[in-house]
Amino acid sequence: MRVVDYKKQVLEYAQKAYKQCLMAGTSGNLSVRTQAGHIVITPSGMDYLSMTADDIMVIDLEGRIIEGPHQPSSEWPLHAEIYQRMPEVNGIVHTHSPYATAFAVLNEPIPLVLIEMVTFLRGDVPVAPVATQGASEVGLGVVKAMKGRTACLMQNHGAVTVGENLPQAFVRTEYLEDAAKIYHFAKAIGTPTHVPAEMVQEMLNR
């Protein structure tokens, strides 16, 4: 893909996330890793609906601006840490989606209550420890929490999903929020049951 195509893709999914109420105001950030190893990421503090592809930033793993007229998202260290430590990842979505973030505020993992969570999230959703926004510790905590998973919550902050590409990471964001919502409603009604361990292993073996 050309850099301009990466920028268009980041813009498309950023606006899609905003319209689906997975992010509010200028919160959240999305990125892709290019074949050259650069990060194409949403800019800092910009309205998503007025954003254009020209506003999307290109940086290196040290945060140095390669291309673009703005500052990159203040959470670029989160993305850089994930890309450096998870070579299979080429797309990242960080949102403040309401249901998932509610569990992040409670510092409560989302257990494996849906079969789809095995397919899309690789299991339950752990919580990474609270860390100062924009600090590299945020990314380090996320990478550790997400071991063997494709999603995690960030204590008192939000949620992160990863994928081999941005479309895959975004679909996982949608499933994470859906799982959080269903778990919330199930807890309000009664005691949720978990997917049996033997079924989980069978699905993973497939």
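**Helix contacts and the sheet**

Modeller: Gladly, and please keep in mind throughout that this is a predicted model. In the packing of helix α3 on helix α6, P98, Y99, A100 and F103 of α3 meet L176, E177, A180, K181, Y183, H184, F185 and K187 of α6.

Biologist: What sort of residues are they, by class?

Modeller: The contact of α3 with α6 has eight nonpolar residues, together with one polar and three charged ones.

Biologist: And at what angle do α3 and α6 pack?

Modeller: Helix α3, residues 98-106, and helix α6, residues 166-189, pack at about 65°, and their axes are 7 Å apart. That angle makes α3 roughly perpendicular to α6, and the crossing of the two is left-handed.

Biologist: Switching to rings, how many aromatic pairs does the structure hold?

Modeller: There are five aromatic pairs in the structure. One of them is formed by F103 and Y183, a tilted pair with 5.2 Å centre to centre and 35° between the planes. Because F103 lies in helix α3 and Y183 in helix α6, this pair ties together parts that are 80 residues apart in sequence.

Biologist: OK, what about the sheet, and in which order do the strands come?

Modeller: It is an open sheet of eight strands with mixed pairing, and the order is β4-β3-β2-β1-β5-β8-β7-β6. The edges are taken by β4 (65-67) and β6 (127-128), and each has a single partner strand, so one side of each is left without a neighbour in the sheet.

Biologist: How is β6 joined to β7, then, parallel or antiparallel?

Modeller: Strand β6 and strand β7, residues 151-154, run parallel and are joined by two bridges. In one of the details of that pairing, V127 has L153 in β7 as its bridge partner.

Biologist: Which helix packs on the sheet, and which strands does that helix touch?

Modeller: Helix α1, residues 3-19, packs on the sheet and touches β1 (29-33), β2 (39-41), β3 (57-59) and β4, while the direction of α1 makes about 150° with that of β1.

How values were computed. Residues are numbered from 1 along each chain as its sequence is written. This is a predicted model: local features need pLDDT of at least 70, side-chain atom pairs count only at pLDDT 80 or more; totals for chains, interfaces and linings use all residues. Side-chain values use heavy atoms; hydrogens and water are left out. Axes are lines fitted to C-alpha atoms, for helices over the stretch in contact, and angles run from 0 to 180 degrees between N-to-C directions. Helices (H or I, at least four residues) and strands (E, at least two) are DSSP runs, numbered from the N terminus. Angles under 35 degrees count as roughly parallel, over 145 as roughly antiparallel, 65 to 115 as roughly perpendicular and the rest as oblique. A crossing is left-handed if the near helix is turned anticlockwise from the far one by less than a right angle, and right-handed if clockwise. Contact means heavy atoms within 4.5 Å. Ala, Val, Leu, Ile, Met, Phe, Trp, Tyr, Cys and Pro count as nonpolar, Asp, Glu, Lys and Arg as charged, and the others, Gly among them, as polar. Two strands pair if DSSP finds at least two bridges between them. Rings of Phe, Tyr and Trp (its six-membered ring) pair if their centres lie within 6.5 Å; planes under 30 degrees apart count as stacked, over 60 as edge-to-face and the rest as tilted.
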